[in-house]
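User: I'd like to go through the labels on this model and see what backs each one up. Can you walk me through it?

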Amino acid sequence: MVLWHPLKTAIERSPSGNKKINAAPPLILCCSFLILIALGALALKLPFATNEPISWIQSAFTATSAVTVTGLVVVDTGSTFTPFGQGVIALLIQLGGLGLMTFAVVTLLALGNKVGFIQKTVTKAAFNQTDTSTLLSTAKSVLLFAIIVESLGVVILTLYWLPELGLQTSFFHALFYTISAFNNAGFALSPNSLMQYVDDPVINLTITGLFIIGGLGFTVLMDVYKSKRWAALSTYSKLILISTVIINIVALMLIYVIEYDNPKTLQPLSEVGKWLAAWFQAVTPRTAGFNTIAIEELRNASTALTMMLMFIGGGSLSTASGIKVVTFVVLILATYSYLRRDKGVTVLRREIDKESVYKALALTLVSAGITWLAIFTLLIVEDAPFLDVAFEAVSALGTVGLSRGLTASLSPLGEFIIMFLMFMGRIGPLTIAYFLASPRSRKLRYPSAQLSIG
């Protein structure tokens, strides 16, 4: 069996005499995203892509934010970019959100080529899947489902904006916002995101519906479609659906109570408007990035809650990022099981394997460590309040896109740090850790040692 060295890229000659490149799957995935970001930055720097000249770093930042489906911006998307530039951004969001490997697999199938072992392994890394045999059907299902859901979103939003904007403009706006919402990107064509629609039920329910569906994860959605019954769903699907409902309801109630009498957020709204605004703010931190109320005007308790939700994120194999909902739940269950002195971690009458617990712990610690290091560095290079810096860092790593107003005033070094966080948040801290740490198998085992913990 051939083992890949995480940092090694080798050019070998196949039996047929053709050269082929063997590299670690996460490395291929990282390079694919970097190439897409570079191409996007070049396209956005074209003279006809903007209404006014932008710098290379602004172009690179926008491309990175789009490919990583974050939504943080250093220039206003609606006024700075032409329809061509906005179309490039939408395309980058779609490619980055659904994943490069989805398009690569489907393209190969369309051309009649067989997908080889290396391509399957790279796709498995992109989809966070363990069963290689189901990857091709997964890739095709992802695209088909995305087309259906996005088409529905475009129709609803086009009809809504048609009387106000006309057919051409309403269709373009609907297409842009649908792609941005379904892929959990948070890019908007107005400088205040969706604040003008704070109490509008059509916009609130359509946009939140799109990014909640996109954030659940395609594995869950396909499982629901095939199973039809709750009892037939997998343990993973049941867990993420239950967790998502609980987290959303708890967040909704907390935001409503905390912000109810805040004159800068919910107080001026009608009762229906309060619930709509609280609902939107409760679910958008799950890496969606849109906002209908001013983020910087939230009370500190709401801000802390938002940061926690951004860190958790959405579901695996979804357009959302963060450490993922199931990761968060597994850590809670593992802690609870340890306190009860249970022999294993169980949920829904199933025992969670130790590998999943270790992976959840590693992912959370790596994410927390990267976030702390980024906050520490940003506090050195930026003259900004601690809360604004911390919020920005968590938002970038979770590829959320919410901001307390710091993004536009970042220094060039600060922009590079945020770009790095967005990239890390999209490809996954464990993917980075995979090719930075050499795998090794130990033939020698040592005696166990008891350590004092706590």
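Predicted model: local features only at pLDDT ≥ 70, side-chain atom pairs only at ≥ 80, totals over all residues.

User: What makes Val250 partly exposed?

Analyst: Val250, found in helix H11 (residues 235-259), has a relative accessible area of 43%. Buried means under 20% and exposed means over 50%, so a residue in between is called partly exposed.

User: Why is the contact of Arg299 and Asp261 called a salt bridge?

Analyst: The N to O distance between their side chains is 2.7 Å, and the cut-off is within 4 Å, so the pair qualifies. Arg299 sits in the loop between H12 and H13 and Asp261 in the loop between H11 and H12, so the bridge ties together parts 38 residues apart in sequence.

User: And what about Arg404 and Asp388?

Analyst: Their side chains meet at 2.5 Å, N to O, again within the 4 Å limit. Arg404 is buried at 15% relative accessible area, and Asp388 counts as buried at 14%, because the limit for buried is under 20%.

User: How do you know that the length of helix H13 agrees with its residue count?

Analyst: H13 (residues 300-312) has 13 residues, which at 1.5 Å a residue should span 18 Å; the end C-alpha atoms are 19 Å apart, so that agrees.

User: What do the buried residues of H13 pack against?

Analyst: They pack against H11, helix H12 (271-283), helix H14 (325-339) and helix H16 (386-397). Among those buried residues are Leu305, Met307 and Ile312.

Technical notes. Residues numbered from 1 in each chain as written. Heavy atoms only, no water. Helix = DSSP H or I, 4+ residues; strand = E, 2+ residues; numbered from the N terminus. Buried < 20%, exposed > 50% of the residue type's maximum accessible area, 1.4 Å probe, protein only. Expected span 1.5 Å × (residues − 1). Contact = heavy atoms within 4.5 Å.
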